[in-house]
Amino acid sequence: MRRIHPYVEDEPDIPAAYAYPRDHWLRLNMVASADGAAWVEGHSEGLSGPADKRIFGLLRGLADVVLAGAATVRTEGYRPARPRESWRALREGRPPAPPIAVVTRRLDLDFGSSLFTEAEPYARTIVITTESAPKDRREEAAARADLIVAGDERVDLATVVSELRDRGLGRVLCEGGPRVNAQLVAAGLVDELALTVSPLLAGGDAARILDGVASRTPLTLAQVLEEDGFLFCRYIREAQDEASG
């Protein structure tokens with residue numbers, strides 16, 4: 001892997017290249033085709049490659065918590081994050097792996113899946129839902145996971161980020177999907193976009209990495225890495241609000 005922006009460097013220090021600038025920071029990590037598709041045949045796997053998977057794993061190792069929407073969790077078959085030897089130094093002073101936090105308005109989750117049954121006590125899965133979710137499902141969620149209720153009819157993502165920070169989970173890695181991404185961006189909660197551009201044209205009707213309410217967020221291109229035609233871009237939101245840190 002080589003760095004091609006803001007300067008050229010062979011074999012850069014990848015963990016340093018993706019280090020969090022602050023303890024409170026929300027990073028989106030997404031992969032897209034060269035024509036902007038967020039998936040191929042319903043899954044992101046068709047857009048990925050070995051280098052992308054390495055970056056994906058590294059970003060998980062750096063994060064305090066991994067945030068994802070229920071649709072992404074179901075489609076991609078999420079399991080608990082497993083400790084890796086390569087994470088040992090990255091996670092010094094923290095649990096060996098980050099918990100997965102799932103955003104779900106209706107609690108349409110399989111609480112018997114490995115995401116809940118195999119999560120270690122130090123990284124118990126977090127379920128984020130609303131007051132309007134069925135009471136019996138909320139009770140089951142509370143029994144199988146750590147429960148956060150944020151919002152009445154819709155999940156209030158600003159409250160979610162605040163609740164995670166209160167739990168010491170300030171470095172948030174959001175892995176989508178596009179609807180959750182769009183809501184986070186519209187709420188002004190995203191500090192960074194880590195975007196892998198796959199050397200592929202996909203066409204079809206796949207969503208872009210944001211799929212929802214229109215919003216405009218100026219970004220600064222901070223870094224580009226390259227391997228095997230894949231581009232790994234870091235975009236930082238302009239005019240950072242100091243109060244958000």
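Which residue lies over the face of Y20? R27 does, at 4.3 Å from the ring centre; a charge sits over a ring if NZ of Lys or CZ of Arg is within 6 Å of the ring centre and within 35 degrees of the ring normal.

## About the model

This is a predicted model, in which local features need pLDDT of at least 70 and side-chain atom pairs count only at pLDDT 80 or more, while totals for chains, interfaces and linings use all residues. Residues are numbered from 1 along each chain as its sequence is written, and side-chain values use heavy atoms, leaving out hydrogens and water.

Let's start inside. Helices (H or I, at least four residues) and strands (E, at least two) are DSSP runs, numbered from the N terminus.

## Aromatic pairs

Rings of Phe, Tyr and Trp (its six-membered ring) pair if their centres lie within 6.5 Å; planes under 30 degrees apart count as stacked, over 60 as edge-to-face and the rest as tilted. The whole structure holds two such pairs. F111 and F116 are edge-to-face, at 5.0 Å centre to centre and 65° between the planes. F230 and F232 have ring centres 6.4 Å apart and planes at 20°, so this pair is stacked. Both F230 and F232 are buried, and F111 and F116 are buried too.

## Salt bridges

With a salt bridge taken as a side-chain nitrogen of Lys or Arg within 4 Å of a carboxyl oxygen of Asp or Glu, the count is 19. E85 and R88 meet at 3.0 Å, N to O. E85 is exposed at 59% relative accessibility, and R88 is exposed with a relative accessible area of 59%.

D211 bridges to R179, with the closest N and O atoms 3.9 Å apart. Because D211 lies in the loop between β9 (192-198) and β10 (219-227) and R179 in helix α7, the pair ties together parts 32 residues apart in sequence. R22, D191 and R237 are linked in a network of salt bridges.

Note on methods. Buried < 20%, exposed > 50% of the residue type's maximum accessible area, 1.4 Å probe, protein only.
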